[in-house]
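Reader: I'd like a close look at one strand and whatever surrounds it. Could you walk me through that part, then carry on into the rest?

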Amino acid sequence: MSGEDDSSGWQLTESDPSVFTELLKSLGVPLVVDDLYSLDSGALSTFQPIHALIFLFKWVGSSAEPSSGGQYDLEFPGFFAHQVVNNACATLAVMNAIGNIPDLPKGVQLSDLINFTVGMDPQTRGMVITSADWLREAHNALSPPSAISLEGLGLPKTTEEAYHFIVYLPYMGSVYELDGLKDSPVQHGPYEEKGEGWLAKAREVIEARIATYPPGSLEFSLLALHDDPLPTLQTSLSEAQASGNHAAVEEIMVRLANENSKRERWAFENSLRRHNYVGFIHALLSAMGKAGALDKAKEDAQAKMQERIAKRKEKGEAAMDED
Amino acid sequence: MSTEPRIAFKAGRAFRRENTNWVDPDPTKGAVILQNGEDGLLHFIWKNRTTNDSEEDLILFPSDATFAPVTQAASGRVYVLKFSSSNQRHFDADSTRDKDFVQNVNRLLLNPEELPVWFTGFPDALGTAAFEEPGTAQASSSSSSAQPAQPSQPAQPGQPGFQFTQEQLNQFQSMIESSGAGANVPPVVELSLTDVLTPANLTPLFTSHPELIQTLFPHLPPDLPSPPTPQTIQQVISSPQFRAAVRNFDQALRTGLLGGLVRGLGLPEEAGTGVEAFLRAIQDQAREGGGGDSMDTD
């Protein structure tokens, strides 16, 4: 994989739909990201219209990564940026998606940034995106605050690799694959407008890709980038209420309730992600101390650690350990 | 902090032949030096005495490494540096004939402490290459090679025939055992905060000490979508975000460098030197009736 090791101030984020949706919100884009559990028509129709699919994966194979088919399109006239900083991969994927959705409402900073990069080659565009301070701040706002920076202390790093992100979307009648680690976008052929439209073609391409990996070697998720359903649901609700269609009203209210409770769960998770827990940790330990529970907890923790060390020693001769 | 060598001796290296237990000695002249690095950690360095380059530099954590003789070695003077936490082993053909020396290197590894007196000026002596070669004996021709009887007198490491006397080793050993204030030495990892702050440990408090649970609310995230309840606290404690934060904080405490940060919690600077120290300080603070409603760090 190419890409600098230097994180350039970009923190590694989780690849959760709630994180992506929050990022989109901060960019002023009225789109939402959801997990897709399958590519069948039922699953896809839940989120119509889908503007892009994001395929994220960790590949643990040892041989060369299988090729994905399609043809490189060096003349791609749309928005495509190279991934120049590994930690920024999630945001870069989002940019490659929303940069190619026509008539998409955006915040001013985002519009300006995209316009500024018109005509640039992918590498330069990638560098420009990665140097946008406001974008980096929006991205970093999604992960824990670095109140305690462990960078530069020379501590052994746990090898938590970033997922690899690939965007699939329709552009000028064809399905395209945008991979920030490839030289140019890959064109997978035209699609028909009728029925499921571009999604039918995308399904083919993605399923074919998944099939080329040896079984068990691929860890992946599929995300759907689609319109925020809440405004439409609200409108439909008002209309159904106005026309006295009680069945419809009930059905819409159930869907609204589900959507709202999901959004509240996401808001809860994101607020937990942004929080600095040092004060909370101190308060918890103090409470345990005052309750007289700390000594026992310490002893138990010591015993657990001894167990772990003993187990590690047993298999330790075979494994390199990072403490 | 001082980065003077703590202990040093001539030694060649021996390399294990891959996939075998066979060790081949390497004729390169070298020296093993144990010294504190700029990072405050104990380094095991092997220096090539011909080129003066430090060719190996390993960090030793107490209890993680031992230095032991390889009994099968015909010369009886091959030692291996073993790490309990990894597969790495480093072999040294040692020129010293004193078995007690090995014990003392081990003691140093177990609890790196005071700088032994007799190593003042040692780095210069190394450069003069006035060492005994492995496997050869040199008759000491000058009386200055006699070992000083008083431990406070610097020995002459550069002299031919240099060896640690029993006297020096005893002195060294007692210095270690009389432990002084440790420098920034990583403590033996005895426990992890992640095993202390478990839902299992915390849940009982909700019923036994609900008034203490109240003290936790000010420290929750300020932007929760709905007002927090005791159940919220349970959810937070079980959340992956909180558990990651505890792991992070545990690792940060082990660096021993959180003195400044913990003062913001109303704790003494010493509390930031390790997990044990942190917990002790909180215990003390709890006994004195403080803590829990301390200053926020953000």
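Author: Let's start with strand 5 of chain A, which is covered on both faces: Ser174(A), Tyr176(A) and Leu178(A) are buried on one side, and Val175(A) and Glu177(A) are buried on the other. Buried here means under 20% relative accessible area, with exposed being over 50% and partly exposed in between (1.4 Å probe, protein chains only). Strands (E, at least two residues) and helices (H or I, at least four) are DSSP runs, numbered from the N terminus. Five of the five residues of this strand (residues 174-178) are buried, so strand 5 of chain A is largely enclosed by the rest of the structure.

A word on ground rules: this is a predicted model, where local features need pLDDT of at least 70 and side-chain atom pairs count only at pLDDT 80 or more, while totals for chains, interfaces and linings use all residues. Residues are numbered from 1 along each chain as its sequence is written, chains are lettered from A and ligands numbered from 1 in the order in which they are written, and side-chain values use heavy atoms, leaving out hydrogens and water.

Now the neighbours. Strand 5 of chain A runs antiparallel to strand 4 of chain A, joined by five bridges; two strands pair if DSSP finds at least two bridges between them. Pro170(A) sits opposite Val175(A) of strand 5. The two strands make a hairpin with two residues between them, and Met172(A) in the turn has a positive phi of about 45°. Strand 6 of chain A (residues 186-190) also pairs with strand 5, again in the antiparallel sense, over three bridges. There, Tyr176(A) stands opposite Gln187(A).

His164(A) is found in strand 4 of chain A (residues 164-171), and an unreviewed UniProt entry lists His164(A) and Cys89(A) under "active site". The two span 76 residues in sequence, yet no two of their C-alpha atoms are more than 7.4 Å apart, so they gather at one spot. UniProt positions are given in the numbering used here, feature names are shortened, and annotations may be inferred rather than shown by experiment. His164(A) counts as buried at 8% relative accessibility, and Cys89(A) counts as buried at 5%.

Cys89(A) belongs to helix 3 of chain A (residues 89-98). That helix, along with helix 1 (17-26), helix 4 (108-116) and helix 5 (122-130) of chain A, is what the buried residues of helix 6 of chain A pack against, with contact meaning heavy atoms within 4.5 Å. Those buried residues of helix 6 (residues 133-140) are Leu135(A), Ala138(A), His139(A) and Asn140(A).

How far can you trust all this? On pLDDT, the predictor's confidence in each residue from 0 to 100, chain A averages 88, and 88% of the residues score at least 70. Our strand 5 has the highest mean pLDDT among the elements of chain A, at 97, whereas helix 11 (residues 294-316) has the lowest, at 89. Over residues 1-5 of chain A, though, the pLDDT is below 50, and that stretch has nine contacts in the model beyond near neighbours in sequence. Where pLDDT is low, the predicted coordinates should not be read in detail.

One more strand for chain B: seven of the seven residues of strand 4 of chain B (residues 42-48) are buried, so that strand is also largely enclosed by the rest of the structure.
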